[in-house]
Amino acid sequence: MAAVYYWDPEGSATPNASNLAGTWDTSSPDWSTSSAQSGSPVAFSSGVAACFSAGGTTVTTPFTVNVNSAINIAGIFNGSLSPPGFFVTLSGSGSLN
């Protein structure tokens with residue numbers, strides 16, 4: 001089973017829709033290794049699953065994450081489990097493999 005990283009570009013335990021947009025790459029520390037978003041954010045690692053639903057707070061304002069390079073992932077989750085999913089758009093010139 002692959003590890004799961006949680007989108008956390010603001011580095012806090014309380015998601016704020018105005019701070020959730022960002023760029024998904026393998027060098028920026030925009031991910032938490034815990035769904036509680038505790039600890040310092042880390043850069044995304046190849047082969048990890050990506051989750052855009054963390055922190056236990058519902059965010060209903062859409063946000064965009066830019067992917068401008070090739071990212072190797074185990075999968076993406078943005079579904080209807082607890083905590084609830086966010087309204088996220090992935091864009092950019094990169095790819096998810």
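**View 1. Val 67 in strand 5 of the predicted model.** Val 67 is buried, with a relative accessible area of 4%; the model shown here and in the other views is predicted. Val 67 belongs to strand 5. When neighbours within four places in sequence are left aside, the contacts of Val 67 are Trp 24, Ser 91, Gly 92, Ser 93, Gly 94, Ser 95 and Leu 96. On strand 5, Val 67 is part of the covered face together with Phe 63 and Val 65. Thr 64 and Asn 66 make up the uncovered face of strand 5.

View 2. The strands are arranged in the order 2-5-8, with parallel pairing. Strand 2 (22–24) and strand 8 (88–91) are the edge strands, each pairing on one side only. Direction ignored, neighbouring strands of this sheet are turned by 30° against each other on average. Strand 2 and strand 5 run parallel and are joined by three bridges. In this pairing, Trp 24 stands opposite Val 67 of strand 5. Strand 5 (residues 63–67) and strand 8 also run parallel, with four bridges between them. Here Val 65 stands opposite Leu 90 of strand 8, and Asn 66 stands opposite Ser 91 of strand 8.

**View 3. The largest nonpolar core.** This core has 14 residues. Trp 7, Trp 24, Trp 31, Phe 44 and Phe 52 are the residues with the most contacts inside the core. Two or more core residues come from each of strand 1 (4–7), strand 4 (48–51) and strand 5. Strand 5 supplies the largest share, three residues. In soluble globular proteins, nonpolar side chains tend to be buried together.

**View 4. Surroundings of Trp 31.** Trp 31 is buried, as is Phe 44. Apart from neighbours within four places in sequence, Trp 31 is in contact with Tyr 5, Tyr 6, Trp 7, Asp 8, Trp 24, Pro 41, Val 42, Ala 43, Phe 44, Ala 50, Cys 51 and Phe 52. Trp 31 is also one of the residues with the most contacts inside the largest nonpolar core.

**View 5. Aromatic pairs at Phe 44.** Tyr 5 and Phe 44 form an edge-to-face pair, 5.9 Å centre to centre with 85° between the planes. Tyr 5 lies in strand 1 and Phe 44 in the loop between strand 3 (31–32) and strand 4, so this pair ties together parts that are 39 residues apart in sequence. Both Tyr 5 and Phe 44 are buried. Trp 31 and Phe 44 form a tilted pair, 5.0 Å centre to centre with 55° between the planes. Because Trp 31 lies in strand 3 and Phe 44 in the loop between strand 3 and strand 4, the pair ties together parts that are 13 residues apart in sequence. One aromatic cluster is formed by Tyr 5, Trp 7, Trp 24, Trp 31 and Phe 44.

**View 6. Asp 30 in the loop between strand 2 and strand 3.** Asp 30 lies in this loop. Asp 30 has a relative accessible area of 12%, which is under the 20% cut-off, and is therefore buried. With neighbours within four places in sequence left aside, Asp 30 is in contact with Tyr 6, Trp 7, Asp 8, Pro 9, Thr 23, Pro 41 and Val 42. Among these residues, Tyr 6, Trp 7, Asp 8, Pro 41 and Val 42 are also in contact with Trp 31.

**View 7. The whole chain and the confidence of the prediction.** The chain has nine strands and zero helices, following the pattern β-β-β-β-β-β-β-β-β along the sequence. Of the 97 residues in the chain, 31% are buried. Among contacts between residues at least 6 apart in sequence, 72% join residues at least 24 apart. The average pLDDT of the chain is 79, and 73% of the residues score at least 70. Among the elements, strand 6 (residues 70–71) has the highest mean pLDDT (94) and strand 7 (residues 73–77) the lowest (82). Where pLDDT is low, the predicted coordinates should not be read in detail.

Notes
Residues numbered from 1 in each chain as written. Predicted model: local features only at pLDDT ≥ 70, side-chain atom pairs only at ≥ 80, totals over all residues. Heavy atoms only, no water. Pairing = 2+ DSSP bridges. Axes fitted to C-alpha atoms, helices over the stretch in contact; angles between N-to-C directions. Core = buried A, V, L, I, M, F, W, Y, C linked by side-chain atoms within 4.5 Å. Buried < 20%, exposed > 50% of the residue type's maximum accessible area, 1.4 Å probe, protein only. Contact = heavy atoms within 4.5 Å. Phe/Tyr/Trp six-rings, centres within 6.5 Å; stacked < 30°, edge-to-face > 60°. pLDDT = per-residue confidence, 0-100.
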